[in-house]
Amino acid sequence: MKIVHAASELFPFVKTGGLADSVASQAKSLAAFGHDVAVVLPGYRAVLDHPDFRAAKEELELVVEMGDDDLHCGIFSLKLAPRLTLYVVRRDEYYDRRYPYGLGNRDYDDNAARFVFFDKAIVEILRLAGLKADVVHCHDWQTGLVPVLLRAAEQRHGETLAIGTVMTIHNIAFQGVYPARDFALTNLPEDFFTIEGLEYYGQMSMLKAGLVFADRITTVSPTYAREIRTEKFGCGLEGVIRARAGDLVGLLNGIDTEVWNPATDRLIPANYTPDDLSGKLACRRELLRSCGFDTKFEGPIFGMVCRLADQKGLDLILACRDFFIQNDVRLVILGRGDARYEQALREIANKHPDRLALSTSLDEPMSHLIEAGSDFFLMPSIFEPCGLNQMYSLHYGTVPIVTRVGGLADTVADIEENPAEGTGIVVEPEAASLRQGLKRALALHADQARMFEIIGRGMRRDFSWTYAARAYEALYRDII
Ligand code: ADP
Ligand code: GLC
């Protein structure tokens, strides 16, 4: 099959979260199965600066109609692996910026134009770069207009550009909602701006467009697929989701075990396997050292790597601050985002440098070191479509402490509820429940035999992409 992924992030070129990892490993697995796979990405500065991009070649120049304007862009291509090609839409005025979506908490003012343009460029690539696809697979709101623009272009030019389209929701909380006047940028007929189309409470919603016009909808875990039908998790789109429930399926992400594997990881100081955990001890010492803690510390280390957003349960962590101060534990947090969380955590770290180490940079090596060197990994998310870090944690022998939501509920079983199969500590998304879970972690850490048993069990779980990629393959076949 010929599969074109349309996405705004792709590891290792540009990453702000799990979307980048998810698209990269999915595309790689499908190419390895023998399919022809392309990924189309905006030419962000991170992409242009990536060393591999130097080998990219300009394929063609496109003119994209945006309202009354004709705007140009260059399309670059780069072979990433056999049968896997990256296409980059280069328009520096839009994408050559330090961050993909905005500065600090503020989105760029021209995001509607930036992503309408991107989606139109994708359709033009399909039309003009000989990229005709069996399936065009769109990821998140940034590519939500592709299905409708594709059908509009097919009608106008009288040709088939793709047999089917898939829209994957990685996070329904981000929707790409813009003022009604931005609808003019799409050049779609007015009758698409209705409640059956792109209109969303008087505005234009890019995610809704994808949910309405894609042939199939997927999301990244079975539990999240159920949750988003409800008002609590649907973020206003639960009605649209319910109307399309028959076309929606939740397929759990896998992890890329070439990138995330304690036995081969080159970003950590020592490698290890479930049968020989001595390397994990070396990682622990290096983590303690790099955080400025005493390297001889033997108590529990709690790690956390995430966007500092309310989704990630930072309010629960802050509500449990006394636990981390009063007990002889270490907490290591790597994350950037919301200024109020950065500030609150920075205050604790300044006051209690012997307890909390905080880094607010984007630091890929550090994220691996935290996974490898910690005893417990914290993911007390309020909602979590899939979550990748809990799977990385299990693989790295770091016991996850997660809330019972979305993909966390699908990947971690509680060790008390499932004594024979449990791999982590599962709590409810409330401060009291998290505090209880943290206390259970202390008890588990004190019982080293049980701790090793749980670690070994987690490390032997298989979260590779093979299952998910086969499921996507079946879905594509079904559409075609
Ligand atoms: P989300 O996509 O909602 O942010 P996921 O758990 O799916 O959550 O994926 C988050 C990914 O981003 C993980 O690979 C995590 O290690 C990474 N990450 C988050 N913050 C940082 C950071 N500051 N530095 C390095 N990696 C980070
Ligand atoms: C989103 C979700 C996260 C998921 C990731 C990859 O960013 O918040 O839960 O793991 O996408 O699908």
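Q: Which polar side-chain atom lies 2.5 Å from an oxygen atom of ligand 2?
A: That atom belongs to Glu 384, and the pair qualifies as a polar contact, meaning a pair of N or O atoms within 3.5 Å, where within protein one must be able to donate a hydrogen and the other to accept it, and residues adjacent in sequence count only if both atoms are side-chain atoms. This is a predicted model, in which local features need pLDDT of at least 70 and side-chain atom pairs count only at pLDDT 80 or more, while totals for chains, interfaces and linings use all residues. Residues are numbered from 1 along each chain as its sequence is written, chains are lettered from A and ligands numbered from 1 in the order in which they are written, and side-chain values use heavy atoms, with hydrogens and water left out.

Q: What do Asn 171 and Cys 386 do at ligand 2?
A: Asn 171 places a polar side-chain atom 3.4 Å from an oxygen atom of the ligand, whereas Cys 386 has a backbone N or O atom 3.0 Å from an oxygen atom of ligand 2.

Q: And how much of ligand 2 does the protein cover?
A: On its own ligand 2 has 310 Å² of accessible area, of which the protein covers 93% (Shrake-Rupley method with a 1.4 Å probe; for residues, only the protein chains shown count as cover).

Q: How many residues surround ligand 2?
A: There are 14, and the closest are His 170, Asn 253, Glu 384, Cys 386 and Gly 387; a residue is near if one of its heavy atoms lies within 4 Å of the molecule or strand in question.

Q: Switching to rings, how many aromatic pairs are there?
A: The structure has 19, where rings of Phe, Tyr and Trp (its six-membered ring) pair if their centres lie within 6.5 Å, and planes under 30 degrees apart count as stacked, over 60 as edge-to-face and the rest as tilted. One of them is the tilted pair of Trp 141 and Tyr 178, at 6.1 Å centre to centre with 55° between the planes.

Q: Which parts does that pair tie together?
A: Trp 141 is in the loop between strand E8 (133-139) and helix H5 (146-157) and Tyr 178 is in strand E10 (residues 177-178), so the pair joins parts 37 residues apart in sequence. Helices (H or I, at least four residues) and strands (E, at least two) are DSSP runs, numbered from the N terminus.

Q: Are Trp 141 and Tyr 178 buried or exposed?
A: Both Trp 141 and Tyr 178 are buried, that is, under 20% relative accessible area, with exposed over 50% and partly exposed in between (1.4 Å probe, protein chains only).
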